[in-house]
Amino acid sequence: MPYTWHVNARHLWVEAPPIQFYYRFILVFCTQIAEVLKLLIIEDERPLNQSMVDYLTAADYVCEPVYTYNEAMQKIDGYDYDCIILDIMLPGGSGLQLLQYLKKSRKQDAVIIISAKNALEDRIEGLQTGADDYLVKPFHLPELSVRIAAILRRKNFNGQPVIIAGDIQIDTIGKEVLVNGAPIALTLKEYQLLLFFVVNRNKVLSKNSIVEHLWGDDMDFVANHDFIYTHIKNLRKKIVAAGGNDSIRSVYGVGYKMQVQ
(Lines give C-alpha, C1' and ligand atoms only; values in the text may rest on other atoms or scores of the structure.)
Protein backbone atom coordinates (compact mmCIF):
# COMPACT_ATOMS: atom_id res chain seq x y z
CA MET A 1 0.00 0.00 0.00
CA PRO A 2 1.65 3.28 -1.09
CA TYR A 3 1.85 6.22 1.32
CA THR A 4 1.99 9.90 0.45
CA TRP A 5 4.18 11.76 2.94
CA HIS A 6 4.21 15.51 2.38
CA VAL A 7 7.43 16.20 4.23
CA ASN A 8 10.80 17.82 3.80
CA ALA A 9 13.67 18.22 6.25
CA ARG A 10 11.70 20.33 8.72
CA HIS A 11 8.00 20.59 7.80
CA LEU A 12 5.00 18.37 7.32
CA TRP A 13 2.17 20.33 5.74
CA VAL A 14 -1.49 19.87 4.89
CA GLU A 15 -4.02 22.03 3.08
CA ALA A 16 -5.95 23.46 6.02
CA PRO A 17 -4.08 26.43 7.61
CA PRO A 18 -5.17 25.66 11.23
CA ILE A 19 -3.90 22.07 10.95
CA GLN A 20 -0.70 23.29 9.33
CA PHE A 21 -0.11 25.60 12.27
CA TYR A 22 -0.74 22.75 14.70
CA TYR A 23 1.79 20.46 13.00
CA ARG A 24 4.44 23.16 12.96
CA PHE A 25 3.90 23.70 16.67
CA ILE A 26 4.32 19.97 17.35
CA LEU A 27 7.55 19.85 15.31
CA VAL A 28 9.02 22.78 17.23
CA PHE A 29 8.02 21.15 20.54
CA CYS A 30 9.65 17.84 19.63
CA THR A 31 12.80 19.59 18.39
CA GLN A 32 13.09 21.26 21.79
CA ILE A 33 12.90 18.06 23.84
CA ALA A 34 14.80 15.70 21.51
CA GLU A 35 18.36 15.40 22.78
CA VAL A 36 21.26 13.39 21.41
CA LEU A 37 19.17 10.25 21.25
CA LYS A 38 19.91 7.43 18.86
CA LEU A 39 17.13 5.75 16.92
CA LEU A 40 17.09 2.56 14.86
CA ILE A 41 14.43 2.75 12.15
CA ILE A 42 13.39 -0.69 10.88
CA GLU A 43 11.07 -0.26 7.90
CA ASP A 44 11.30 -2.03 4.54
CA GLU A 45 9.39 0.60 2.56
CA ARG A 46 12.25 2.90 1.60
CA PRO A 47 10.30 6.14 0.94
CA LEU A 48 8.62 5.89 4.35
CA ASN A 49 11.91 4.97 6.02
CA GLN A 50 13.65 7.95 4.41
CA SER A 51 10.80 10.30 5.39
CA MET A 52 11.16 9.24 9.02
CA VAL A 53 14.93 9.63 8.89
CA ASP A 54 14.69 13.12 7.36
CA TYR A 55 12.04 14.32 9.79
CA LEU A 56 13.61 12.92 12.95
CA THR A 57 17.13 13.97 11.97
CA ALA A 58 15.79 17.52 11.65
CA ALA A 59 14.61 17.16 15.26
CA ASP A 60 18.24 16.42 16.32
CA TYR A 61 17.93 12.64 16.65
CA VAL A 62 20.70 10.38 15.34
CA CYS A 63 18.93 7.97 12.98
CA GLU A 64 20.14 4.66 11.56
CA PRO A 65 17.87 3.10 8.91
CA VAL A 66 17.64 -0.60 8.05
CA TYR A 67 15.25 -2.39 5.70
CA THR A 68 15.35 -6.14 6.40
CA TYR A 69 15.10 -8.56 9.33
CA ASN A 70 18.76 -9.61 9.00
CA GLU A 71 20.05 -6.03 8.86
CA ALA A 72 17.98 -5.20 11.94
CA MET A 73 19.30 -8.23 13.84
CA GLN A 74 22.90 -7.22 13.12
CA LYS A 75 22.26 -3.71 14.45
CA ILE A 76 20.42 -4.94 17.54
CA ASP A 77 23.20 -7.44 18.30
CA GLY A 78 25.98 -4.89 17.90
CA TYR A 79 24.58 -1.65 19.30
CA ASP A 80 22.24 -0.09 21.84
CA TYR A 81 19.57 2.43 20.90
CA ASP A 82 17.43 4.83 22.86
CA CYS A 83 14.43 3.87 20.77
CA ILE A 84 13.68 1.44 17.94
CA ILE A 85 10.96 2.17 15.38
CA LEU A 86 9.87 -1.31 14.35
CA ASP A 87 7.75 -2.47 11.41
CA ILE A 88 6.21 -5.92 11.86
CA MET A 89 6.24 -7.15 8.26
CA LEU A 90 9.88 -7.34 7.13
CA PRO A 91 11.77 -9.20 4.39
CA GLY A 92 13.35 -12.25 6.02
CA GLY A 93 11.37 -12.35 9.23
CA SER A 94 8.90 -10.77 11.64
CA GLY A 95 9.34 -7.62 13.66
CA LEU A 96 7.71 -9.41 16.58
CA GLN A 97 10.54 -11.95 16.49
CA LEU A 98 13.01 -9.07 16.78
CA LEU A 99 11.03 -7.70 19.73
CA GLN A 100 11.05 -11.10 21.44
CA TYR A 101 14.82 -11.32 20.90
CA LEU A 102 15.29 -7.87 22.44
CA LYS A 103 13.38 -8.84 25.56
CA LYS A 104 15.06 -12.25 25.85
CA SER A 105 18.45 -10.48 25.62
CA ARG A 106 17.34 -8.10 28.41
CA LYS A 107 18.11 -5.07 26.26
CA GLN A 108 16.67 -1.77 27.43
CA ASP A 109 15.95 -0.19 24.03
CA ALA A 110 12.49 1.39 23.89
CA VAL A 111 10.35 0.10 21.00
CA ILE A 112 7.54 1.69 19.02
CA ILE A 113 5.79 -0.65 16.60
CA ILE A 114 4.57 0.88 13.34
CA SER A 115 2.19 -1.36 11.45
CA ALA A 116 -0.71 -1.39 9.01
CA LYS A 117 -2.32 -4.04 11.23
CA ASN A 118 -5.06 -2.15 13.02
CA ALA A 119 -6.95 -4.99 14.71
CA LEU A 120 -7.20 -4.85 18.50
CA GLU A 121 -5.60 -8.29 18.87
CA ASP A 122 -2.56 -7.16 16.83
CA ARG A 123 -2.06 -4.11 19.04
CA ILE A 124 -2.47 -6.20 22.19
CA GLU A 125 0.02 -8.79 20.93
CA GLY A 126 2.62 -6.13 20.15
CA LEU A 127 2.28 -4.43 23.53
CA GLN A 128 2.22 -7.71 25.46
CA THR A 129 5.36 -8.84 23.64
CA GLY A 130 7.14 -5.82 25.07
CA ALA A 131 6.61 -2.80 22.81
CA ASP A 132 6.32 0.57 24.55
CA ASP A 133 3.86 1.94 22.00
CA TYR A 134 1.97 0.92 18.86
CA LEU A 135 1.29 3.33 15.98
CA VAL A 136 -0.96 2.36 13.08
CA LYS A 137 -0.02 3.24 9.49
CA PRO A 138 -0.52 5.61 7.86
CA PHE A 139 0.48 8.07 10.57
CA HIS A 140 1.64 11.67 10.79
CA LEU A 141 5.33 12.20 11.44
CA PRO A 142 4.75 14.82 14.18
CA GLU A 143 2.73 12.24 16.13
CA LEU A 144 5.57 9.71 15.84
CA SER A 145 8.03 12.32 17.08
CA VAL A 146 5.82 13.22 20.06
CA ARG A 147 5.47 9.56 21.02
CA ILE A 148 9.25 9.03 20.82
CA ALA A 149 9.88 12.10 22.98
CA ALA A 150 7.34 11.00 25.60
CA ILE A 151 8.81 7.50 25.87
CA LEU A 152 12.39 8.73 26.12
CA ARG A 153 11.51 11.39 28.68
CA ARG A 154 10.03 8.65 30.89
CA LYS A 155 12.90 6.25 30.22
CA ASN A 156 15.91 8.55 30.59
CA PHE A 157 14.71 11.41 32.79
CA ASN A 158 11.94 9.89 34.95
CA GLY A 159 9.47 12.08 33.08
CA GLN A 160 11.16 15.27 34.31
CA PRO A 161 12.28 18.09 31.97
CA VAL A 162 15.05 19.26 34.34
CA ILE A 163 17.97 17.00 35.30
CA ILE A 164 20.27 17.73 38.24
CA ALA A 165 23.69 16.11 38.65
CA GLY A 166 25.80 17.61 41.41
CA ASP A 167 26.23 21.33 40.71
CA ILE A 168 24.98 20.94 37.13
CA GLN A 169 21.37 21.53 36.12
CA ILE A 170 20.12 20.77 32.59
CA ASP A 171 16.82 22.06 31.23
CA THR A 172 16.11 19.52 28.48
CA ILE A 173 13.29 21.60 26.97
CA GLY A 174 15.09 24.95 26.86
CA LYS A 175 18.44 23.21 26.30
CA GLU A 176 19.98 25.41 28.97
CA VAL A 177 22.79 24.33 31.28
CA LEU A 178 23.38 25.93 34.68
CA VAL A 179 26.47 25.45 36.83
CA ASN A 180 25.91 26.58 40.42
CA GLY A 181 22.84 28.43 39.18
CA ALA A 182 24.66 30.37 36.44
CA PRO A 183 24.13 29.61 32.73
CA ILE A 184 27.06 28.48 30.60
CA ALA A 185 27.32 28.55 26.80
CA LEU A 186 27.93 25.17 25.16
CA THR A 187 28.14 24.08 21.56
CA LEU A 188 25.54 21.55 20.41
CA LYS A 189 28.02 18.66 20.65
CA GLU A 190 29.21 19.79 24.09
CA TYR A 191 25.60 19.91 25.28
CA GLN A 192 24.88 16.47 23.83
CA LEU A 193 28.08 15.12 25.37
CA LEU A 194 27.23 16.53 28.80
CA LEU A 195 23.72 15.07 28.65
CA PHE A 196 25.15 11.66 27.74
CA PHE A 197 27.51 11.81 30.72
CA VAL A 198 24.73 12.92 33.08
CA VAL A 199 22.34 10.16 31.95
CA ASN A 200 25.19 7.66 32.50
CA ARG A 201 26.72 9.31 35.56
CA ASN A 202 28.94 7.14 37.76
CA LYS A 203 29.42 4.72 34.87
CA VAL A 204 32.59 4.25 32.83
CA LEU A 205 31.99 5.11 29.17
CA SER A 206 34.39 3.94 26.50
CA LYS A 207 35.49 6.33 23.75
CA ASN A 208 33.81 4.05 21.26
CA SER A 209 30.44 4.18 23.06
CA ILE A 210 30.60 7.99 23.25
CA VAL A 211 31.39 8.38 19.57
CA GLU A 212 28.81 5.77 18.57
CA HIS A 213 26.09 7.49 20.57
CA LEU A 214 26.86 11.01 19.37
CA TRP A 215 27.60 10.28 15.71
CA GLY A 216 25.84 6.99 14.93
CA ASP A 217 26.74 5.42 11.58
CA ASP A 218 28.97 8.41 10.76
CA MET A 219 31.54 6.98 13.18
CA ASP A 220 32.46 4.46 10.45
CA PHE A 221 34.06 7.27 8.47
CA VAL A 222 36.30 8.40 11.33
CA ALA A 223 39.89 7.12 11.27
CA ASN A 224 40.32 7.40 15.05
CA HIS A 225 38.47 8.73 18.08
CA ASP A 226 41.10 11.19 19.30
CA PHE A 227 38.86 14.14 18.47
CA ILE A 228 36.54 13.18 21.34
CA TYR A 229 39.32 14.25 23.73
CA THR A 230 39.06 17.82 22.45
CA HIS A 231 35.30 17.94 22.98
CA ILE A 232 35.61 16.59 26.52
CA LYS A 233 38.50 18.92 27.38
CA ASN A 234 36.51 21.97 26.24
CA LEU A 235 33.43 20.83 28.17
CA ARG A 236 35.39 20.30 31.38
CA LYS A 237 37.12 23.67 30.97
CA LYS A 238 33.78 25.52 30.69
CA ILE A 239 32.30 23.76 33.72
CA VAL A 240 35.35 24.52 35.90
CA ALA A 241 35.49 28.13 34.66
CA ALA A 242 31.90 28.55 35.87
CA GLY A 243 32.90 27.35 39.35
CA GLY A 244 31.74 23.78 38.95
CA ASN A 245 33.48 20.60 40.02
CA ASP A 246 35.65 18.79 37.49
CA SER A 247 33.55 15.64 37.71
CA ILE A 248 34.41 14.14 34.30
CA ARG A 249 37.54 12.07 34.71
CA SER A 250 39.65 9.98 32.37
CA VAL A 251 39.78 6.27 33.16
CA TYR A 252 43.13 5.12 31.85
CA GLY A 253 42.93 2.67 28.99
CA VAL A 254 39.12 2.57 29.08
CA GLY A 255 37.40 5.91 28.58
CA TYR A 256 35.70 8.49 30.81
CA LYS A 257 33.47 8.64 33.87
CA MET A 258 31.32 11.39 35.37
CA GLN A 259 31.53 11.00 39.16
CA VAL A 260 28.71 12.80 40.98
CA GLN A 261 26.52 12.18 44.01
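This is a predicted model: local features need pLDDT of at least 70, side-chain atom pairs count only at pLDDT 80 or more; totals for chains, interfaces and linings use all residues.
1. Strand β9, residues 168–171, and strand β10, residues 176–179, pair in the antiparallel sense over four bridges, two strands being counted as paired if DSSP finds at least two bridges between them.

2. Local features need pLDDT of at least 70 and side-chain atom pairs count only at pLDDT 80 or more, while totals for chains, interfaces and linings use all residues. Residues are numbered from 1 along each chain as its sequence is written, and side-chain values use heavy atoms, with hydrogens and water left out.

3. On its other pairing, β9 meets β8, again in the antiparallel sense and over four bridges, and here D171 of β9 is the bridge partner of V162. The hairpin that β8 and β9 form has two residues between the strands, and G166 in the turn has a positive phi of about 65 degrees. Four residues lie between the strands in the hairpin of β9 and β10, where K175 takes a positive phi near 50 degrees.

4. These strands belong to an open sheet of four, in the order β8-β9-β10-β11, with antiparallel pairing. The edge strands, each pairing on one side only, are β8 (162–165) and β11 (182–184). From one strand to the next the twist averages 30 degrees, with axes fitted as lines to C-alpha atoms (for helices over the stretch in contact) and angles running from 0 to 180 degrees between N-to-C directions.

5. Helix α7, residues 188–199, packs on the sheet and touches β8, β9 and β10, its direction making about 115 degrees with that of β9; contact means heavy atoms within 4.5 Å. Strand β9 has a covered face, made up of I168 and I170, and an uncovered one, made up of Q169 and D171.

6. Among contacts in the protein chain with a separation of 6 or more, 62% are between residues 24 or more positions apart.

How values were computed: Buried means under 20% relative accessible area, exposed over 50%, partly exposed in between (1.4 Å probe, protein chains only).
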